[in-house]
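Subject: Structure for you to look at

Hello,

Here is the structure I promised. Please open it first, then read my notes below.

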Amino acid sequence: MTTHTTQQTFEYLLRLGDNALILSQRLSQLCGKGPALEEDMALTNVALDLLGQTRLWFSYAGELEQAGRDEDRLAFHRDAHQFRNCLLLEQPNGNYADTMMRQFYFDTWHYFLIEALTRSSDARIAAIAEKSLKEVTYHLRRSGDLIVRLGDGTEFSHQRCQAAADALWMYSGEMFIYDELDQALVAAGVAPDGAALRTQWLAHVQAIFTEATLTMPAADAWMQRGGKQGRHSEHLGYLLAEMQFLQRAYPDSTW
Amino acid sequence: MNSAASRYDAAQVWDWLGAVADPEIPVISIVDLGIVRDVQVGADGLCTVVITPTYSGCPAMQVIADAISEALAAHGVTRLTLQNQLSPAWTTDWMSASGKDKLRGYGIAPPAQQVIDISGLQRSAGSTAHAAISRQLPAPQVACPHCGSAHTSLTSQFGSTPCKALYKCLDCHEPFDYFKCH
């Protein structure tokens, strides 16, 4: 007996896809503007991986919905309040410590989430997770390395890295705050338990921060929420205006 | 009308696919790369080719699908079904030995390890969980494809395409691409 509906799986897939898509778009904004050539290439490589994962999630979502929306329609024909990404991912690129701290918070969660999703009761989700896991592992190894280099670097880089850690901390909790939709999918064995993910997340962030000589903010601090339900910060609208421009100016145009 | 099945079988189709070059690294074929997972030819001549993407965002997949259709059509395969398979996920372990040699000859260091535990999936119950994301995981020994020296260092985990990392040789001082384990 299942405890969840197809509609709920669809909604969950939108959350997964939107997280990947919005971060991919943010990273793409840095294409040609990275602080060094190697970083520029790494950022766009990660953006490309995330975009590929977005397509896999959205294709499946579109098939489940059976409303004729394919991956492009889901990406380009929705407005901000219809997006389901966590608030962390729409935060601006800021300085490079901000960019990498956002990435590190996300990558750590993403790695443990995707690793757990390889055991999802939904075979298609498990297959997409299996495909994504090695990519996500490379992402996390890189962002962890950079946090250590920036945190345990110069006095200036340490200061900026700590400031980024503190400023973005309030956006790091939403990934683990489960609503009814998340709970239904956990009950059905589709999604992993949030509390267990959070324990893994905190342990890894603490380990990297220790090596990076950074202070981890309080785990019980107040956390922002709302992105998963479509209540976004002002940043998302600007991001979408750029990302969706072509489809809004020339609806349904194709290559 | 002649039976199409009399003109080719799966082994023949594998041969033909072995001549289809990877669009990003034209020196190796899509069979060398391990992208083609299965070929079946039905009694009615219907040919089914199963392919798997190297990376989720690999921009070459559509080009590869088109190249397969074109190559097989040129050999008279008119009824073709292309299937995309995600699981089991592609790994560099599927790359052929000759493919690795060709990569080296092309100036790209082939994947160094046979067994990839980068995902952490293969961790045993007793070992440290998620060793794959530990910073203590040793970097692979990568030999320079130009001079053969093992005295090389990683410049960046991410290179000119998703499948490659940037390395440099500390002996001949040439930078090179490393086809990273996946």
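Helices here are DSSP runs of H or I with at least four residues, strands are runs of E with at least two, and both are numbered from the N terminus. The angle is about 50°, and the axes lie 9 Å apart. Axes are lines fitted to C-alpha atoms over the stretch in contact, and angles run from 0 to 180 degrees between N-to-C directions. Helix 5 of chain A meets helix 7 of chain A through residues including Met101(A) and Leu168(A). Contact means C-beta atoms, placed from the backbone, within 7 Å.

This is a predicted model: local features need pLDDT of at least 70, side-chain atom pairs count only at pLDDT 80 or more, and totals for chains, interfaces and linings use all residues. Residues are numbered from 1 along each chain as its sequence is written, with chains lettered from A and ligands numbered from 1 in the order written.

Next, the chains. Chain A gives 29 residues to the contact, and chain B gives 22 residues. Helix 6 of chain A supplies the most on chain A's side, with 15 residues.

Last, chain B has an open sheet of 4 strands, in the order 4-7-6-5, with mixed pairing. Strands pair if DSSP finds at least two bridges between them. Strand 4 and strand 7 of chain B pair in the parallel sense over 2 bridges. There, Ala109(B) stands opposite Tyr178(B).

Best wishes

Note on methods: Contact = placed C-beta atoms within 7 Å.
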